[in-house]
Amino acid sequence: MSKEVKKDLRLRIFLLLTLTVIVLHPLPTFANEEVTNNGWYEENGKQYYYKDNLVVKGWVALGDNWYYFSHSDGTLHKGWLYDNGKWYFMNNNGVMQRGWLKDDEKWYYLESSGSMKRGWLFNGGKWYYLDLSGKMQTGWIYLAGKWYYLADNGAMQQGWLLDNGKWFFLSKNGEMQKGWILQNYRWYYLNQSGAMQVGWIYLDRWYYFNRNGCWIPSTIADQFTTIDDNNQLILVTTSDYSTNVAKIRTFEKVDSKWYEKQNIAGFIGKEGFATIMKEGAKKSPRGKFSIGTAFGRYQNPGTKLPYRQITSDDVWVDDPASSLYNTWQKQSENNSRWTSAEKMNIPAYNYGFVINYNTVERISGAGSAIFFHVASSYTLGCTGTVQNNVLSILKWVDPSKLPVIIQTPESEFGNY
């Protein structure tokens, strides 16, 4: 075979092999290049989409889904995409996502257009906040001079919030409140950190907030300095010395705060309060006194005080010359030991208790038989109110709470 023939044969073989390679492995085609079919095409792990025999680039809607293909080579995009100043997310199938998206343990929200949301979002009846990177926030956040709290699910909280052992209040707009707030007809005070206050707090003056944070208006008992060791108080007051019409109030101390329990009408001695007590003066003593034995003509009505039932033989000695002056005795045991005594078995003493005035030293002639008892008008030196009130107070008084009674004109509150 001649050299020319051999050379021609080799050329023919080369051309044949080249055509075979081209047929078996067609070169990829791109924009404006004709292809043999339309639709999806995959090569070397990358996906493309052809339409009208041209590779698609940029955004394209296929059915109900949006896809994005690279402008440079037409490959399908997956994951986060930044386009025209906005972020989008394409899932593993390249489909643009909408709604809530969890990526790398963080939550994002993609609007109906697919663009990532930032700032406040109202969704499903709740407010959420997404920072500049689009991440949903939780916990406390500070925005434009206001504090907000977002729950673990990202929802903005409203109303009362317990966080780290402290109570906070968030308005309908989610803003953390400070200072005084009125909720359900009750006042609360939130300090500058937003925490609800309890106990005594000094603002322009002293205020008391109970364990639930409710402001409890100060009572007159809170102003007294002589009853720190007592937890129950009966306060009997008049507008001046000469009147016998009294106001009777009861107070109980809880967590160092006095609470008013009752406010009822009552009476004292016919001639009002005494400056100096004397036997038979028809005046009531001023001062702070402990509470003695409870008594009555009937069985114990349920008082915790020591109780003594009156009999027809019971008297209270009011003879200043007697060594038994100002004591409870039996008339049958007199034996000339006194010349004057008050009978106990009378309607005024249906129920009552001893006010411990002049019961220890028992100064002769300084006044005797000072009781708290049933009365519908002035007394001869005792303190009185209608029977239902007497019973209510008897059942309330608790010796373990060291009760005391203070009797004073209002002008002398400063003495206590």
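Asp222 and Lys257 form a salt bridge, their closest N and O atoms being 2.7 Å apart; the term means a side-chain nitrogen of Lys or Arg within 4 Å of a carboxyl oxygen of Asp or Glu. Asp222 sits in helix α2, residues 220-223, and Lys257 in strand β23, so this pair ties together parts 35 residues apart in sequence. Helices (H or I, at least four residues) and strands (E, at least two) are DSSP runs, numbered from the N terminus. Both Asp222 and Lys257 are buried, where buried means under 20% relative accessible area, exposed over 50%, and partly exposed in between, with a 1.4 Å probe and protein chains only.

A note on the source: this is a predicted model, in which local features need pLDDT of at least 70 and side-chain atom pairs count only at pLDDT 80 or more, while totals for chains, interfaces and linings use all residues. Residues are numbered from 1 along each chain as its sequence is written, and side-chain values use heavy atoms, with hydrogens and water left out.

How many salt bridges does a search of the whole structure find? It finds eight.

One of them joins Arg211 to Asp255, with the closest N and O atoms 2.5 Å apart. Arg211 is in the loop between β19 and β20, and Asp255 in the loop between β22 and β23, 44 residues apart. Arg211 is exposed at 60% relative accessible area; Asp255, at 43%, is partly exposed.

Next, Arg286 and Glu412 form a salt bridge, closest N and O atoms 3.0 Å apart. They are 126 residues apart. Arg286 is partly exposed at 28%, whereas Glu412 is buried at 14%.
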